[in-house]
Amino acid sequence: FWLGFRERCYHFTQKCCVLFPPPGRLYGAQIRFYHGLNLIDMLRKKSNSPRRKEVDEVIALMKIAVSHADSNFRNKLELLEAEKHGLDARHSQAVKLYDAAIASAKSSKFIHEQGLACEKAGSYY
């Protein structure tokens, strides 16, 4: 989803987060989802604790979004949590959450996000 241009993606999403502040706006939640995935990819390359805190903030925002629109955001939250558990070497939780993210995306008919979850799960395995 940015083909490895992590720093460029980080810069772009930082600008978008200013344009779409947290509560409200669907675009802001979607941008933060991709921002969170990108942060986790960056943490895999180089562990950086301030970015780990940003991941926790994105997950907290996704939990709020899930409370308002479960079918739209459940799969995104599960994928972010799966990636975080994978980063922290909690294999069993990561596997369950990858499977849940794939199932949630499928039941919501978000084929593109189901594909992304499958791709991320495949990379993890």
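Me: Does lysine 76 count as buried or exposed, and at what relative accessibility?

Reply: The general idea is that a residue is called buried under 20% relative accessible area, exposed over 50%, and partly exposed in between, with a 1.4 Å probe and protein chains only. In this structure lysine 76 has 2% relative accessibility, so it counts as buried. Before we go on, note that this is a predicted model, in which local features need pLDDT of at least 70 and side-chain atom pairs count only at pLDDT 80 or more, while totals for chains, interfaces and linings use all residues. Residues are numbered from 1 along each chain as its sequence is written, and side-chain values use heavy atoms, with hydrogens and water left out.

Me: Where is lysine 76 placed, and which residues does it touch?

Reply: A contact means heavy atoms within 4.5 Å, and helices are DSSP runs of H or I with at least four residues, whereas strands are runs of E with at least two, both numbered from the N terminus. Lysine 76 is in helix 4, and, leaving aside residues up to four places away in sequence, it touches Gln30, Phe33, Met62, Phe110 and Glu113. Lysine 63 lies 13 residues from lysine 76 in sequence, and their C-alpha atoms are 9.6 Å apart.

Me: How many helices and strands does the protein have, and what percentage of its residues count as buried?

Reply: The protein has 6 helices and 0 strands, which gives the pattern α-α-α-α-α-α along the sequence. Of its 125 residues, 43% count as buried, and of the contacts between residues at least 6 apart in sequence, 54% join residues at least 24 apart.

Me: At what angle do the axes of helix 4 and helix 5 cross?

Reply: Axes are lines fitted to C-alpha atoms, for helices over the stretch in contact, and the angle between N-to-C directions runs from 0 to 180 degrees. Under 35 degrees counts as roughly parallel, over 145 as roughly antiparallel, 65 to 115 as roughly perpendicular, and the rest as oblique. Here helix 4 (residues 70–87) and helix 5 (residues 91–107) have axes that come within 8 Å and cross at roughly 160 degrees, and the two helices are therefore roughly antiparallel to each other. Among the residues making this contact are Leu79 and Ala82 of helix 4, together with Leu97 and Ala101 of helix 5.

Me: How do helix 5 and helix 6 pack, and which residues make the contact?

Reply: Helix 5 and helix 6 pack at about 160 degrees, with their axes 8 Å apart, and they are therefore roughly antiparallel as well. The residues in contact include Val95 and Ile102 of helix 5, and Ala117 and Cys118 of helix 6.

Me: What is the phi of alanine 89, and where does this residue lie?

Reply: As a general idea, most residues other than glycine have a negative phi. Alanine 89 has a phi near 60 degrees, which is positive although the residue is not glycine, and it lies in the loop between helix 4 and helix 5. Alanine 89 is exposed, with a relative accessible area of 65%.

Me: What is the phi of lysine 109?

Reply: Lysine 109, which is not a glycine either, has a positive phi of about 65 degrees. Its place is the loop between helix 5 and helix 6 (111–124), and with a relative accessible area of 68% it is exposed.
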